[in-house]
Amino acid sequence: MKVSIEWLRDFTDVDVDLATLADKLTRTGTKVETTAVTGSEFSGVYVGQITKIEPHTNSDHLQICRVNMGSLSKELCPALDEEACLQIVTAAKNVFVGAKVPVAIIGAKLADGTAIKAAKLRGVPSQGMFCSVAETGYTTKNYPEASEDGIWILADSTELGIKLQDYMGLGDEVLDFEITSNRPDCLSVEGLARETALTLHNYFLPLPYHEIVGDLTDKSSNYIKVTNEAPDACLRYFGRVVKNVKIAESPLWLRRRLLALGLHPINNIVDITNYVMLELGQPMHAFDLRDLAGSEIVIRHAKANEKLKTLDGVERTLSEEMLVISDACKAVALAGVMGGENSEIKDDTTTIFFESANFVPEVVRRQAAKLHLRSEASSRYDKAVDPDLAKRGLARALELVEQLQAGEVVSETMSVPEQAFSLPASVFTADKINKFLGTDVDSEFMQDIFTKLGCEVKLVSADTMQVTPPNWRCDLEGMADYAEEVARFFGYDNIPSTMPHDSLAGAYTPRQSYERLIKDSCVALGFSEMITLSFEAPNTFAKLGFQDEKTLAQVKIANAAVETSSLRTDLLPACLRVISNNVTQFNDHGKLFEVGNCYFDIKDESGLPTYETRLLATIFANDKQAKSGNLFYELKNLLQELTAVLGIKAERLSYNVLSDLPVYHPYRSATVYLDQTELGQIAYVDKQLLKTYDIKGEVAVLQIKLAPIFAEATFVRKQKKISRFPAYSLDLAFEMDKTESVENLLNILKHKANANLEQITIFDVYQGEQIATDKKSVAFNLTYRHPDRTLTEADVSDNVKEMVEAAKTAGYSLRSASTN
């Protein structure tokens with residue numbers, strides 16, 4: 001938002017220079033991004049008058065002009081002769097004796113960066129250059145009296161020797177503010193003037209409200225009817241008819257102010273609507289009354305696929321949730337965003353209808369975003385414009401109509417039933433704000449600040465105040481917001497630096513600690529972390545062959561590209577894409593892991609989608625490296641290491657054959673359990689699936705849910721005295737069916753073991769000539785130890801016999817037994 005110092009002075013006194021003002025405003029929270037002076041785009045251009053024109057003897061298109069520069073001093077222009085004149089050679093066709101023109105003297109700089117130097121044209125010296133309006137960086141839209149093609153012929157009354165900026169009404173000092181979204185009141189000159197007055201401790205005079213009576217012999221209702229069919233979206237709507245309109249150029253002072261703030265003047269009526277928007281922050285619109293079918297204005301929601309060509313010349317297709325201003329037949333404006341081309345003000349417009357309204361911010365924001373159409377109006381409405389401004393804005397526009405003699409205002413303001421609007425009060429004490437800020441500001445200072453901000457302050461008790469914000473300060477919602485206002489105008493630099501009274505030492509939650517420990521352990525075991533996006537294309541998991549309802553219940557994302565329009569329910573597809581990228585870059589083996597969330601379109605108690613945090617670890621290898629067949633066991637060892645560091649014994653983990661997921665190999669996959677709770681899977685990825693990702697070799701993955709593990713994890717460790725007596729070790733080998741899981745046999749042995757069994761592990765699985773083709777031999781190592789004495793063979797043999805008998809009863813035969 002730009003504002004000129006000259007315009008600010010309509011509301012308050014600005015008694016500091018531009019740089020100081022910018023610094024002070026920034027220090028009070030109204031950040032100034034840049035400062036500028038209008039007309040600084042060019043320099044060294046003054047007003048001169050042609051007193052003599054002679055033809056150039058060596059050219060048929062050049063003329064030699066003698067130019068009187070009036071009061072211009074020789075210090076500024078050493079080339080001046082004794083009569084304060086310059087000689088300029090020009091090819092312009094529209095110059096004549098007596099014409100007053102812009103003259104760029106030697107040393108001048110034009111808007112396009114051109115530097116003017118002394119020159120000779122066909123042997124004749126030229127001491128400057130005549131300028132068109134384009135060479136100042138402006139156009140005939142800004143200065144309609146200028147010529148489109150030739151030199152700019154200035155008004156006869158123009159004083160000679162003055163800077164062209166003075167003639168153009170330039171030279172305003174302008175501040176460009178960065179306005180945050182919670183301060184829509186600062187998107188106006190009046191709002192920024194209020195901030196300036198408080199910052200400089202000066203008076204503030206709000207723009208007075210003048211009710212324009214208009215022509216009492218005529219009424220607006222004779223011309224138009226207004227109906228609000230969307231009271232939920234339009235809070236206020238006021239309108240007034242102006243007849244006998246004279247479309248013309250706006251006066252210089254108004255054009256100058258619009259230009260200073262970055263808007264191009266168009267004509268007096270349109271300029272009035274823009275002027276009110278900049279001055280008060282109230283967007284307005286003017287309709288050509290003859291284009292309103294049925295002499296009617298209807299505020300309504302758009303019809304499905306309704307068309308409207310907006311003022312930018314683009315035809316837009318509307319939807320039913322959008323709000324439009326329409327006549328009896330068609331939409332004529334997109335409410336709060338932009339007017340329609342079918343009712344715009346034209347050069348021959350004679351009767352207009354001024355509109356000043358207030359719309360619900362969310363409605364304007366949604367339709368502007370959906371149509372990708374931002375405007376000065378929508379950038380104000382979507383941040384919540386003060387509803388009371390609608391009536392003030394209309395009155396100000398009508399006042400300017402009369403001031404500019406642009407038409408005759410008709411009596412009677414058209415309106416719709418108003419929606420009540422007020423902001424809630426906050427109750428607090430000065431002491432509470434001081435504790436919040438670490439200051440010692442007295443209550444009277446605070447009350448004075450709040451009052452100057454436009455708040456209503458009531459003392460509830462000796463030390464408690466009730467503060468009600470004005471409607472233009474929708475950001476003041478609680479004590480913290482008022483504390484910020486006190487800090488801003490007390491001065492952030494005046495707040496002493498103090499140490500916090502309470503300990504603010506942070507710590508990880510147990511869940512965060514467990515997660516970090518898992519990541520650190522994976523890295524320590526040679527795995528590299530990968531981080532992938534949570535987005536997936538819809539139906540990704542159905543295409544991969546997942547069939548369970550949970551995995552297929554993807555959460556849909558609105559307004560997203562197709563390939564990222566859903567959230568993932570499994571970590572595997574993203575993992576395979578990472579592996580594919582590595583293989584493509586000739587890195588055909590590695591160990592990767594990720595801790596990430598999976599989301600499901602299954603609502604929890606609060607109605608939100610549920611999610612799970614999972615660990616996925618993977619090992620991928622080329623065909624040569626994969627021949628060892630150790631990928632599965634490496635991941636199993638990883639799981640056991642992770643559970644160990646989290647205080648969970650490996651004995652609590654169990655495994656069952658997995659065969660119902662087509663993404664995994666049917667005979668080389670297992671479901672992992674912690675006690676009776678399913679954690680996830682360890683498996684080789686199906687070869688056909690790897691081909692779709694252009695992955696050669698083998699890929700094994702471990703994917704488990706972390707919540708059940710975190711529920712059992714602990715950092716508490718029970719210490720046990722190490723026995724100083726030797727261990728008794730023996731090996732047992734059993735024969736079993738080739739396709740059967742070892743898990744059942746292992747559980748039988750553990751169940752029969754006595755208290756002295758310290759450890760039982762599988763150390764060999766054999767299939768070969770010495771055993772039937774449908775059988776396999778599984779070898780276990782058993783370690784016994786007593787804490788207080790050395791075990792004898794007799795201490796162990798009875799327990800081993802019980803184990804063997806139990807195994808035989810279950811259908812397993814002992815193949816060999818040996819003592820180590």
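**View 1. Domain layout of the predicted model.** The protein is divided into domain 1 (2-32 + 176-200), domain 2 (43-168), domain 3 (215-415), domain 4 (426-494), domain 5 (510-712) and domain 6 (728-819); these bounds come from an automatic or database domain assignment. This is a predicted model, in which local features need pLDDT of at least 70 and side-chain atom pairs count only at pLDDT 80 or more, while totals for chains, interfaces and linings use all residues. Residues are numbered from 1 along each chain as its sequence is written, and side-chain values use heavy atoms, with hydrogens and water left out.

**View 2. Domains 5 and 6, with the UniProt span 723-815.** Between domain 5 and domain 6, the C-alpha centres are 33 Å apart. An unreviewed UniProt entry lists residues 723-815 as "domain: FDX-ACB"; UniProt positions are given in the numbering used here, feature names are shortened, and annotations may be inferred rather than shown by experiment. This span is 29% helix and 35% strand, and its end C-alpha atoms lie 32 Å apart. Helices (H or I, at least four residues) and strands (E, at least two) are DSSP runs, numbered from the N terminus.

View 3. Strand β21 (residues 352-359) is mostly covered, with eight of its eight residues buried, where buried means under 20% relative accessible area (1.4 Å probe, protein chains only). I352, F354, S356 and N358 point one way from β21, and F353, E355, A357 and F359 point the other way. In a regular strand the side chains alternate between the two faces of the sheet. Strands pair if DSSP finds at least two bridges between them. β21 pairs in the antiparallel sense with strand β13 (residues 234-243) over eight bridges and with strand β14 (residues 284-288) over five bridges. E355 in β21 is the bridge partner of G239, and H285 also stands opposite E355.

View 4. β27 runs parallel to strand β30 (residues 590-603), joined by two bridges, and E529 stands opposite F593 in β30.

How values were computed:
Buried < 20%, exposed > 50% of the residue type's maximum accessible area, 1.4 Å probe, protein only.
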